[in-house]
Amino acid sequence: MPSETLTLAFDTSAAHCAAALLLGERVLGTAYEPMKRGQSERLFVFLEELLAAHGYTWQTLDKIGVGIGPGNFTGIRIAVSAARGLAMSLDIPAVGVSNFAAARLGADTGAAVALPAPRDQVYFSSNGDEAKLIDATGAGDALGLPAPDDLVERIARIAAATDATTPPAPLYIRAADAAPAADQPPRILDDA
């Protein structure tokens, strides 16, 4: 009988680090820490703590699941970069899971989903239409974002059931608020 797949999933698309460890279909554990900043410094230690608490190491993993957004730009980049790096170094697949898919898990696949966005707006997706940014009052009775520990468990379940063929990539619905610097770049002097 083949052994069950050990999947580690994590998400930093909002003000948190969240992770879940799944063996086959059984959740071994979840972890969640609210944090507005510092996910990049905390993420790997956070994941190692979850693995160690259940007697596993990086080398025992079979698959990585990662939340790809939409959400916080920096948080999404942190998680996707970490997942791609882990997958490459451990030679295991990484599966990107959108927050829309995670919110819909167990519901109608065409159900409307409204996820928090800045400035009283939501990221909205319905009936397979492309996601868009709308005013929060227009979301109606759409499904919302699950709590972080539930969200990451859903990411783990979807990743475990998915055959990954391409590396995960961030899901951005709108352009970044940051703009390139208007200053001219410094002049590089040649020592010659």
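Mentor: A cavity is a set of points, on a 1 Å grid over the protein atoms alone, where a 1.4 Å probe fits but cannot get out, and its lining residues have an atom within 4 Å of a point. Volume is the space filled by probe spheres set on the points, which are joined across faces, edges and corners. The model is predicted, so local features need pLDDT of at least 70 and side-chain atom pairs pLDDT 80 or more, while totals for chains, interfaces and linings use all residues. Numbering starts from 1 along each chain as its sequence is written, and side-chain values rest on heavy atoms, without hydrogens or water.

The structure holds 1 cavity of 30 Å³ or more, and about 30 Å³ of space lies in the largest cavity. Its lining consists of P70, G71, F73, I76, Y123, L171, Y172, I173 and R174. By class, 7 of these are nonpolar, 1 is polar and 1 is charged (Ala, Val, Leu, Ile, Met, Phe, Trp, Tyr, Cys and Pro are nonpolar; Asp, Glu, Lys and Arg charged; the others, Gly among them, polar).

Consider Y123, one of the lining residues. Y123 in β7 is the bridge partner of L115; strands are DSSP runs of E with at least two residues, and helices are runs of H or I with at least four, numbered from the N terminus. β7 (residues 121–125) is joined to β6 by 5 bridges and runs antiparallel to it; two strands pair if DSSP finds at least two bridges between them. The order β6-β7-β8 makes an open, antiparallel sheet of 3 strands. Its edges are β6 (113–117) and β8 (132–135), each pairing on one side only. Neighbouring strands here are turned by 40 degrees on average, direction ignored; axes are lines fitted to C-alpha atoms, for helices over the stretch in contact, and angles run from 0 to 180 degrees between N-to-C directions.

β4 (residues 63–67) pairs with β5 in the parallel sense over 4 bridges, and G65 has V95 as its bridge partner in β5.

Notes: 1 Å grid on protein atoms, 1.4 Å probe; cavity = no way out; pocket = protein on both sides within 12 Å on 5 of 7 lines; lining within 4 Å.
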